Amino acid sequence: MKKILLVEDDRQLSDLIKDFLVSEGFHVKQEFRGDTVSKTVENFSPDLIVLDVMLPGKDGFTVCRDLRPAFNNPILMLTAKSTDFDQVLGLEIGADDYVAKPVEPRVLLARVNALLRRGQLPKGGSEKAEITCGGLHVNRNSRQVTLAGENIELTSQEFDLLWLLATRAGEVQNRDYIYKAVVGREYDGMDRSVDVRISRLRKKLHDSNETPFRIKTIWGQGYLFVPDAWE
């Protein structure tokens, strides 16, 4: 049974979401304040966190940013706004996905299941558990990444995105395919989550977003993992 930590200060909404997720087979623990989340994560070890943005004690963006150095499982944010600002900010600080309120239970369930299916993503025709390109080493089983001996901390979807690109090194991957494989649903033409994760990957892997040489943007086509750029 997968464990979900639900962080939502609206107790009526929290109870409704909890009851629905429990009915779908999840073990759900509730939190109602942002400043108590870290301790609960340490004690509960959730497989996924559903995290509201507006919380007493500490807002959801701050909670997400504080959790990320040690918590690599998915974080799904609930936002009262559907603006690009909220979406991009959440993704930039390490959220894996977001759902705008009012929450539609079936939509929330689909997003949760998509995030938890990350270990079942396509392997790009490769059954290898490890990939090494120069100084980059990626281990699928442990979900660990090192670059020139430095441990690189990635979120679950950042890892999945890197694995997808690395298993197809030297081949351009289009946005529609990346979005469906990593995010778990069809690209709607508007969502910027793949762009944000590419940007975050470049920063963490010492690439440049202005003139990338390791993960290149091929305009009008998609993204290219350059296999000989990791020395």
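**Loops, sheet and aromatic pairs in a predicted model**

Pro102 is placed in the loop between S5 and helix H5 (105–116); helices (H or I, at least four residues) and strands (E, at least two) are DSSP runs, numbered from the N terminus. The structure is a predicted model, in which local features need pLDDT of at least 70 and side-chain atom pairs count only at pLDDT 80 or more, while totals for chains, interfaces and linings use all residues. Residues are numbered from 1 along each chain as its sequence is written, and side-chain values use heavy atoms, with hydrogens and water left out. The peptide bond that leads from Lys101 into Pro102 is cis, with omega near 0°.

Strand S5 also belongs to an open sheet of five strands, arranged in the order S2-S1-S3-S4-S5 with parallel pairing. Its edges are formed by strand S2 (27–31) and strand S5 (97–100), each of which pairs on one side only. On average, neighbouring strands of this sheet are turned by 20° against each other, direction ignored; axes are lines fitted to C-alpha atoms, for helices over the stretch in contact, and angles run from 0 to 180 degrees between N-to-C directions. Within the sheet, strand S1 (residues 3–7) pairs with strand S3 (residues 48–52) in the parallel sense over four bridges, where two strands pair if DSSP finds at least two bridges between them. Leu6 has Val50 as its bridge partner in S3.

Two charged side chains were found over aromatic rings, a term that requires NZ of Lys or CZ of Arg within 6 Å of the ring centre and within 35 degrees of the ring normal. Lys3 lies over the face of Phe44, at 5.0 Å from the ring centre, and Arg11 lies over the face of Phe32, at 3.8 Å from the ring centre.

A search of the whole structure identified two aromatic pairs. In the pair Phe159 and Trp163, the ring centres are 6.4 Å apart and the planes lie at 15°, so the pair is stacked. Rings of Phe, Tyr and Trp (its six-membered ring) pair if their centres lie within 6.5 Å; planes under 30 degrees apart count as stacked, over 60 as edge-to-face and the rest as tilted. Both residues belong to helix H6 (residues 156–167), where Phe159 and Trp163 are four residues apart, about one turn of the helix. Phe159 is buried at a relative accessible area of 3%, and Trp163 is likewise buried at 1%; buried means under 20% relative accessible area, exposed over 50%, and partly exposed in between (1.4 Å probe, protein chains only). For Phe225 and Trp230, the ring centres are 5.0 Å apart and the planes lie at 20°, so this pair is also stacked. Phe225 and Trp230 are both buried.

Asn139 lies in strand S7 (residues 136–139) and is buried, with a relative accessible area of 15%. Its side chain makes a polar contact with the side chain of Glu130 (3.2 Å). A polar contact is a pair of N or O atoms within 3.5 Å; within protein, one must be able to donate a hydrogen and the other to accept it, and residues adjacent in sequence count only if both atoms are side-chain atoms.

Positive phi values in residues other than glycine occur at Arg143, near 55°, and at Ala148, about 55°. Arg143 is in the loop between S7 and strand S8 (144–147) and is partly exposed at 27% relative accessibility. Ala148 is in the loop between S8 and strand S9 (150–152) and is exposed, with a relative accessible area of 71%.
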